[in-house]
Amino acid sequence: MAPERETGTRERHPAGATAAGRPRGARLDQPRTPRHRMLPEWDPEAFGRLSERIARFLGTGRFIVWMTIVIIAWVVWNIAAPAHLRFDNYPFIFLTLMLSLQASYAAPLILLAQNRQDDRDRVNLEQDRKQNERSIADTEYLTREVAALRMGLGEVATRDWIRSELQDVVKELEERRRHDGHVVFPAERAERSPGRDADDR
């Protein structure tokens, strides 16, 4: 009996690979504390909007005009200015470096803007496809409803059809009266024999 009590009072520890690797301080019902990162964080949407603005400006004539003015002023200043005020002499190496740096930054920004535009186009195309599917489904439903209405109207008795049927019945009764010689309608019998009605009275 004693060993059974000892085993009942022992603490049970979770066994298995997951229990061995789980830290004791981590709780699954609480969110983790944010980790401090050494790299700076930024908003991808804000950076994407900024890249689109820059790419949109790079694709305008205003940018070309301003770039031409800056390059001409740069070259004129480094040729006509006094020697101690020149900062980039004739081969214009610094100007070449600046233009290369600008091109190296402009190309990724333009690609990023194009990728964002492609994503928007893909979403718009998906929405258009779903809208077209809904429109096709609605059109098919309306077509089936119109066909059902046409079939239903084909079985409904119209005024002209009833009139033609009544005319056919009247003609048939008139033909029977002519062949048989007896009166079919009671009103005609009263009109034909007024004396009999007077005698009856």
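Predicted model: local features only at pLDDT ≥ 70, side-chain atom pairs only at ≥ 80, totals over all residues.

Biologist: What span does helix α4 reach from its first C-alpha to its last?

Modeller: Helix α4 covers residues 61–80, which is 20 residues. The span is 28 Å, close to the 28 Å expected at 1.5 Å a residue.

Biologist: Which residues of α4 are buried, and where do they fall when seen down the axis?

Modeller: The general idea is that an α-helix has 3.6 residues a turn, so residues three or four places apart point the same way. In α4, the buried residues are F63, W74 and N78. Viewed down the axis of α4, the buried residues lie within an arc of 15°, so they line one face of the helix. The face turned away from that buried side carries the exposed residues R62, I64 and A80.

Biologist: How many aromatic pairs does a search of the whole structure find?

Modeller: The search finds four. A pair of aromatic rings is described by the distance of the centres and the angle of the planes. For F57 and F63, the centres are 5.7 Å apart and the planes stand at 75°, so this pair is edge-to-face. F57 is partly exposed, with a relative accessible area of 36%, whereas F63 counts as buried at 17%.

Biologist: What is the arrangement of the rings of Y90 and F92?

Modeller: Their centres are 6.0 Å apart and their planes are at 65°, so the pair is edge-to-face. Y90 is exposed at 67% relative accessible area, while F92 is buried at 13%.

Biologist: Which residues do ring pairs link into a cluster?

Modeller: The cluster consists of W74, F87 and F94. W74 is also one of the buried residues of α4.

Notes
Residues numbered from 1 in each chain as written. Heavy atoms only, no water. Helix = DSSP H or I, 4+ residues; strand = E, 2+ residues; numbered from the N terminus. Expected span 1.5 Å × (residues − 1). Buried < 20%, exposed > 50% of the residue type's maximum accessible area, 1.4 Å probe, protein only. Arc of directions from axis to C-beta. Phe/Tyr/Trp six-rings, centres within 6.5 Å; stacked < 30°, edge-to-face > 60°.
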